[in-house]
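Please load the model in your viewer and keep the sequence panel open beside it.

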Amino acid sequence: MYKKFVKNGIPVVVGETSAFRVLTSKQERIKWISYFSKLVSSYGIALIYWDAPPPADSDYYYDQFDRENLKFYEPDFVQAMLDNWKCE
C-alpha cells in the first residue's frame, strides 16, 4: 500500500481493525495495538479502530467505549494506541 499509494500522494486508511477483548489478555492487546499503531503511522497510513458493541447474543466483543456511561472500558488500551501514533 505504501509503495503504490502513499508514496504517490494517495491517502490510505486502515479501517475496521480491532482486538477481541475475550480472546486475548489485556496486556497482549496493548502490546498489539502499540505495535500496529506505530507500524501503520510510520508509513503515513491512518488507522481507524472499529468500536461497535457486540450483538446481544454474542460473547465476542471488541468495543472500547461504553456508550451508556460515556467512558472507555480500557483507557490504557486507548492510550497505548494514541501514544504510539506518530503523526507527521
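What percentage of the 88 residues in the protein chain do buried residues make up? Buried residues account for 32% of the 88 residues, where buried means under 20% relative accessible area, exposed means over 50%, and partly exposed lies in between (1.4 Å probe, protein chains only).

The model is a predicted one, in which local features need pLDDT of at least 70 and side-chain atom pairs count only at pLDDT 80 or more, while totals for chains, interfaces and linings use all residues. Residues are numbered from 1 along each chain as its sequence is written, and side-chain values use heavy atoms, with hydrogens and water left out.

**The whole chain**

Begin with a cartoon of the protein chain. Two helices and four strands make up its secondary structure, in the order β-α-β-β-β-α along the sequence. These elements are DSSP runs numbered from the N terminus: helices are H or I with at least four residues, and strands are E with at least two.

The mean positions of the 11 positive and 12 negative charges are 11 Å apart. In this count Lys and Arg are positive and Asp and Glu negative, with His and the chain ends not counted; each charge is placed at NZ of Lys, CZ of Arg, CG of Asp or CD of Glu.

**Stop 1: Ile33**

Select Ile33, which lies in helix H1. Is Ile33 buried or exposed? Ile33 is buried, because its relative accessible area is 0%. Beyond its neighbours within four places in sequence, Ile33 is in contact with Leu47, Tyr49, Phe77, Ala80 and Met81.

**Stop 2: Val78**

Move to Val78 in helix H2. Val78 counts as buried, at 10% relative accessibility. Leaving aside neighbours within four places in sequence, its contacts are Gln64 and Phe72. From Val78 to Lys38 the C-alpha distance is 13 Å, across 40 residues of sequence.

**Stop 3: the salt bridges**

Show the charged side chains. How many salt bridges does the rule give? The count comes to four, a salt bridge being a side-chain nitrogen of Lys or Arg within 4 Å of a carboxyl oxygen of Asp or Glu. Among them are the following pairs.

- Lys26 and Asp76 meet at 3.0 Å, N to O. This pair links distant parts of the chain, with Lys26 in helix H1 and Asp76 in helix H2 (residues 75-83), 50 residues apart. Lys26 is partly exposed at 35% relative accessibility, and Asp76 is partly exposed at 35%.
- Asp51 and Arg67 meet at 2.9 Å, N to O. Asp51 is in the loop between E2 and strand E3 (65-66) and Arg67 in the loop between E3 and strand E4 (71-72), so the pair ties together parts 16 residues apart in sequence. Asp51 is buried at 18%, whereas Arg67 is partly exposed at 41%.
- Lys31 and Glu28 meet at 3.6 Å, N to O. They are separated by about one helical turn because they are three residues apart in helix H1. Lys31 is exposed at 54%, while Glu28 is partly exposed at 42%.

**Stop 4: Leu70**

Select Leu70 in the loop between E3 and E4. Its phi is near 55 degrees, a positive value in a residue other than glycine. Most residues other than glycine have a negative phi. Leu70 is exposed, with a relative accessible area of 63%.

**Stop 5: a nonpolar patch**

Finally, select Tyr2, Tyr35, Leu39 and Tyr43, which make a nonpolar surface patch of about 400 Å². Patches are made of residues with over 30% relative accessible area and no salt bridge; like charges are joined within 9 Å, and nonpolar side chains (Val, Leu, Ile, Met, Phe, Trp, Tyr) within 5 Å. Tyr43 is found in the loop between helix H1 (26-42) and strand E2 (46-49), and is partly exposed at 39% relative accessible area.

Conventions:
Accessible areas come from the Shrake-Rupley method with a 1.4 Å probe; for residues, only the protein chains shown count as cover. Contact means heavy atoms within 4.5 Å.
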